Amino acid sequence: MEVLEEKVEEEQREAELKALEISGSLQGVEREASVEPACTPSDVQSPFDWSSVDTSQLPASYRSNSVREEQLLSLAARFLQQFSLLCPDRKPLLLCPANECGVEKFVSTTLRPTLLPYAELYSWDSCASFVSDFLTMEPLKCPLTLPTSLYSPSTILRCQRGNCFDCSVLLCSLLLGAGYDAYCVQGYACRELSALDQTRELCPLLSQPQQVRALAMGQHAAPTPLQSRVQ
């Protein structure tokens, strides 16, 4: 009887040791799983590097200012001084941002009336759709401060991306080229519009023409006089 009891105790000890080994191995697997990153580096979208934009092929006017442009810059500097004195509580204006070459340009000289050789871009709605679909919208680093740079429409088209100021300058240039009296206005927008939050809007793929909806609901059009005679 004592021998049987010793065998039973040994079997219980072996079972406990095996259970401890299994639990330890499971804990090691959980630790390894927890150490692994939540997403691979390929899933993380790195921001676009604007410093990598090639500016060697740009015209000389992008790297220097003419005499008239220097006069505009001096007038804008005086206006900013008067504006800060008369309106100290208001935020500064975006008048002379730097372009892609690091040269300060008066904001109005960045607008270039552009008429592309496509008849589809001769109306305001087609121009707006083109800018909305062709460009990738990049949010501002700080939504309450003005950007320090404003790139030309040609660079924005080549890079196919830009912030709200870049998209506005490009759209305004296209509208001016098409003959519209267009201009850019600086202001504030709601969070949904600034962040392109379209969760509360109807998907355009779900919107159907009125005739397709009528046929889907079983509402047929009224018969023509010829059809009524045949019937």
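I take buried to mean under 20% relative accessible area, exposed over 50% and partly exposed in between, with a 1.4 Å probe and protein chains only. The model I am reading is predicted, so I keep to pLDDT of at least 70 for local features and 80 or more for side-chain atom pairs, while totals for chains, interfaces and linings use all residues. Residues are numbered from 1 along each chain as its sequence is written, and side-chain values use heavy atoms, with hydrogens and water left out.

**Helix α2**

I looked up α2 (residues 67-86), helices here being DSSP runs of H or I with at least four residues and strands runs of E with at least two, numbered from the N terminus.

**Aromatic pairs**

I then searched for ring pairs, where rings of Phe, Tyr and Trp (its six-membered ring) pair if their centres lie within 6.5 Å, and planes under 30 degrees apart count as stacked, over 60 as edge-to-face and the rest as tilted. The count comes to two aromatic pairs. Phe-79 and Phe-83 are stacked, at 6.3 Å centre to centre with 25 degrees between the planes, and they sit four residues apart in α2, about one turn of the helix. Phe-79 is partly exposed at 43% relative accessible area, whereas Phe-83, at 13%, is buried. The rings of Phe-130 and Phe-134 are also a stacked pair, since their centres are 5.1 Å apart and their planes at 15 degrees. Phe-130 and Phe-134 are four residues apart in helix α4 (residues 124-134), about one helical turn; Phe-130 is partly exposed at 23%, and Phe-134 is partly exposed at 31%.

**Pockets and cavities**

Grid points are joined across faces, edges and corners, and a volume is the space filled by probe spheres set on the points.

The largest pocket has a volume of about 1,800 Å³. It is lined by 48 residues, of which Met-137, Cys-164, Phe-165, Ser-168 and Ala-189 are the closest to its centre. Helix α6 gives the largest share of this lining, six residues.

The second largest pocket has a volume of about 530 Å³, and among its 21 lining residues Trp-50, Glu-138, Pro-139, Lys-141 and Asn-163 are the closest to its centre.

The search of the whole structure finds two cavities of 30 Å³ or more. The largest cavity has a volume of about 170 Å³, and of its 13 lining residues Tyr-62, Lys-105, Thr-109, Thr-110 and Arg-112 are the closest to the centre. The second largest cavity holds about 40 Å³ of space, with Thr-114, Tyr-118, Cys-127 and Leu-174 among the residues that line it.

Key:
On a 1 Å grid over the protein atoms alone, a cavity is a set of points where a 1.4 Å probe fits but cannot get out, and a pocket is an open set with protein on both sides within 12 Å along at least five of seven lines; lining residues have an atom within 4 Å of a point.
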